[in-house]
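Open the structure in your viewer and keep the sequence panel beside it. This tour moves from one selection to the next and says what is found at each stop.

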Amino acid sequence: MNQDKFIIRGQVFNQQQIQNMSLSDLVVNNMNNMPRYLYKYYSNVLDEETGKNYSLMALENNTVYLQSPDKFDDIYDCSIVFDEHEYSFIRLRYYANHCGFIINECNYWRYLDIFARNIYDKILSLQNKGMTLNDAIMQTFLICNNNTNVDLVHNLFALNLKNNLVENWDKDSTIQFAILYALDKEMEFVTKGLSKKFRVSCFSTSPFMNRMWAAQYANNHKGFCIEYEIPEYSKVYANIFHSLFPVIYSDVRVSILDECLKYIQDEPDQELVQKIYKYGILMKSTDWKEQNEWRLVSPGNMLADDYNCEFFKISKVYLGNRMSKEDRKQIIDICRRKNIKYAGIIHKKDMFELTECPNLCEKCYRFKLDNC
């Protein structure tokens, strides 16, 4: 795929167009191009940690659960990307200046060596004056406790540096490795910290996606799929409409290094938020483009305190081809009680595709079997 090619709702954009696209543009464009329905696949299994069936809760309560992105099956999904070497060098210079060390060197490894020797000499000097290793490190890095994001990052860096020094004091080049370890942990804090500030619920535009039914989303055809009808825009659903976006598919991952540096310096702005949305939360590999995915995105618990967000009205439920008769009966009973249409999913006879069964499940002879 062309590296300057980005796909939104099947339409191709170049990188400059994506870069110039604001969140407001995305919201306006999305509301003008909403599908008539959105679909969410459910596994219909008990959660191992809580023992709850969140799929049934979604059906009963007409809610969708806003998931933490680190639970997604695609390891690149919602990930923050930047050049780690460049980040490390910038932060080395930052900490050198912060600690009062003047280092005129452009080579990364020589810079690291000089910085490490300065840190070692300063810490050793303070220890010779009776300070503990912890206090010497805290004073060297001018750690304070003013509850800012900057101070939190400083504290984490100093703590990781100290822990690595203590664990590896008998090894060669300890201070250099400790600094690299602390920088690595800082990068992890930034990337995971940014993505975890958002919660996401994912939707497709069809109930007949075999890859979705066959995966964990629908428990290998044993789960079900809920159809949500998109209403006209109204104040009742304003927060949902303003938080619902189509996924941007691409083969490239766009760096947001400058924005990450702003984040740890307590300088977040609208540009940072927009880039996290476009190049982190909404960006996904073209390997998944057939999903035509939409995402409901919530910064923290903005949409729901317990992350179970009330969503558009349920208009229909599709029952998996391999769903057991006991589960099928349970879902049908809920649908009847709540006056929701339902249908079974079957295979087409002449194509490798799924379709809706024309018969009611309970009237089908196969309803007596373990699947339908």
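Select Gly 320 to begin. In this predicted model, Gly 320 sits in the loop that runs between strand 12 (314-319) and helix 13 (325-337). Is Gly 320 buried or exposed? Its relative accessibility is 0%, so Gly 320 counts as buried. Gly 320 and Cys 357 are 37 residues apart along the chain, and their C-alpha atoms are separated by 11 Å.

Next, zoom out to the whole protein. The C-alpha trace spans about 85 × 45 × 40 Å along its principal axes. Switch to a cartoon view, where the secondary structure comes to 13 helices and 14 strands. Of the 372 residues in the protein, 49% are buried. For contacts with a separation of 6 or more, 71% are between residues 24 or more positions apart.

The accessible surface of the protein comes to about 19400 Å², and carbon and sulfur atoms hold 47% of it. Then colour by charge: there are 44 positive and 48 negative side chains. The centres of these two sets lie 7 Å apart.

Hide the surface and select helix 4 (residues 84-98) together with helix 7 (residues 149-167). These two helices pack at an angle of about 95 degrees, and their axes are 13 Å apart. Helix 4 is therefore roughly perpendicular to helix 7, since angles of 65 to 115 degrees are counted that way. Show side chains to see which residues meet. From helix 4 come Arg 91, Tyr 94, Tyr 95 and His 98, and from helix 7 come Val 150, Val 153, His 154 and Phe 157.

Move on to helix 12 (residues 270-281), where Lys 275 is located. Why does Lys 275 count as buried? Its relative accessibility is 19%, and buried means under 20%. Setting aside residues up to four places away in sequence, Lys 275 touches Ile 256, Glu 259 and Gly 280.

Select Pro 299 next, which is found in strand 10. With a relative accessible area of 34%, Pro 299 is partly exposed. Which residues are in contact with Pro 299, leaving aside its neighbours within four places in sequence? They are Lys 197, Phe 198 and Tyr 277. For a distance across the fold, pick Val 273 as well: Pro 299 and Val 273 are 26 residues apart in sequence and 9.8 Å apart in space, C-alpha to C-alpha.

Asn 62 is in the loop between helix 3 (54-61) and strand 4 (63-65). Its phi is positive, at about 55 degrees, although Asn 62 is not a glycine. At 21% relative accessibility, Asn 62 counts as partly exposed.

Then go to the loop between strand 9 (283-285) and strand 10 (294-299), which holds Asn 292. What is the phi of Asn 292? The value is near 50 degrees, which is positive in a residue other than glycine. Asn 292 has a relative accessible area of 37% and is partly exposed.

Terms used. Residues are numbered from 1 along each chain as its sequence is written. This is a predicted model: local features need pLDDT of at least 70, side-chain atom pairs count only at pLDDT 80 or more; totals for chains, interfaces and linings use all residues. Side-chain values use heavy atoms; hydrogens and water are left out. Helices (H or I, at least four residues) and strands (E, at least two) are DSSP runs, numbered from the N terminus. Buried means under 20% relative accessible area, exposed over 50%, partly exposed in between (1.4 Å probe, protein chains only). Contact means heavy atoms within 4.5 Å. Accessible areas come from the Shrake-Rupley method with a 1.4 Å probe; for residues, only the protein chains shown count as cover. Lys and Arg count as positive and Asp and Glu as negative; His and the chain ends are not counted. The place of a charge is taken as NZ of Lys, CZ of Arg, CG of Asp or CD of Glu. Axes are lines fitted to C-alpha atoms, for helices over the stretch in contact, and angles run from 0 to 180 degrees between N-to-C directions. Angles under 35 degrees count as roughly parallel, over 145 as roughly antiparallel, 65 to 115 as roughly perpendicular and the rest as oblique.
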